[in-house]
Amino acid sequence: MITVGEMSSTSIENCVLYSRPESRELSMTFSFHHLKIDYLNGSKWELAEPDIAKLRSLFCQWQEKMQAGGGWNALFWSNHDQPRPVSRFGDDQRYWLVSAKMLATCIHLMQGTPYIYQGEELGMTNPSFSDISQYRDVESLNYYQILLEQGKSKQDALKILACRSRDNSRTPMQWSAGENAGFTTGKPWIEVCQNYKRINAEEEIDDPRSVWAYYHRLIQLRKKMPLISRGDIHFIDTGCEKVIAYLRCLEKERLLVLCSFSDEQTTVHKVLVPANSKCLIGNYSDTAVPYGNTLVLRPYEALAFIWS
């Protein structure tokens, strides 16, 4: 039987105690610290750009310290209370496809058990509601009034809700390009995200380049490779503020994962990538091209190199 603990603000030390096998308490724990890196001054209802340096530091601490103590992490970007990750940490417009795949790569190759929230495997986005009447979540409706009372304009309050509301992850599952995204023939309790004709399961299942197909590849790799499911993890400082890099190790096997959270080209030292390595998976159709002593990552590029 698998047991999972939701640990919103609990320490790493406690999560180790909860989830290490000898404690016989929980199989793994969810921690939420990494989902607060875009809270201005710690407030959910104040917008800030995601702090990727802080994100990297939190991943490093939770991965390496849980590993050292024998604990086990649940790996996730989203759930019913969180905005869609591709809208939050990626780019849901120009770089929608590659940033959705990058986010998947980043956590699915880490140590722990990955979770996929409904629609994440399709790259579903925030719906960008523009009127308060479109919201259903009681927290969002209450905070809209609070924001107005704090002196914010309706436009600013709606902008905050469009980024923060729990309803961002609660719109109907996008099954097809049909009426109401194939979710119902009746009237859904909340509006369907309007990009459903482009982003839907029916469209992606037969497309080998889709977000859905990419998730399948990641799942297959984890099932097939003990290096991914059981290997140790060590984070690497590339000197690039918006690059998260880590090394997975099992016996003589090594897997280097590089994930760029930038919408611009980013340069990392090529010395990180051994000459005898091969690219296991990447979110572009071709591997990034090395230039001299550097490796250039394209916008939101993710690469995993393996060697032994």
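**View 1. Helix α2 gives the largest share of the lining of the largest cavity.** In this predicted model, α2 supplies 4 residues of that lining. The cavity holds about 140 Å³ of space. It is lined by 13 residues, and S31, H34, F59, N73 and A74 are the closest to its centre. Besides α2, strands β2 (28–31) and β5 (74–75) each give two or more residues to the lining. By class, the lining has 8 nonpolar residues, 5 polar and no charged.

**View 2. The second largest cavity has a volume of about 70 Å³.** The structure holds 2 cavities of 30 Å³ or more. Helix α4 makes the largest contribution to the lining of the second largest cavity, with 3 residues. Helix α3 (85–88) also supplies at least two. Among the lining residues are W77, P85, A100, L103, E120 and Y215. The lining counts 8 nonpolar, 1 polar and 1 charged residues.

**View 3. Five strands build an open, antiparallel sheet.** The strand order is β7-β8-β9-β14-β11. Strands β7 (232–236) and β11 (278–282) are the edges, each pairing on one side only. From one strand to the next, the twist averages 20 degrees.

Methods
Residues are numbered from 1 along each chain as its sequence is written. This is a predicted model: local features need pLDDT of at least 70, side-chain atom pairs count only at pLDDT 80 or more; totals for chains, interfaces and linings use all residues. Side-chain values use heavy atoms; hydrogens and water are left out. Two strands pair if DSSP finds at least two bridges between them. Axes are lines fitted to C-alpha atoms, for helices over the stretch in contact, and angles run from 0 to 180 degrees between N-to-C directions. On a 1 Å grid over the protein atoms alone, a cavity is a set of points where a 1.4 Å probe fits but cannot get out, and a pocket is an open set with protein on both sides within 12 Å along at least five of seven lines; lining residues have an atom within 4 Å of a point. Grid points are joined across faces, edges and corners, and a volume is the space filled by probe spheres set on the points. Ala, Val, Leu, Ile, Met, Phe, Trp, Tyr, Cys and Pro count as nonpolar, Asp, Glu, Lys and Arg as charged, and the others, Gly among them, as polar.
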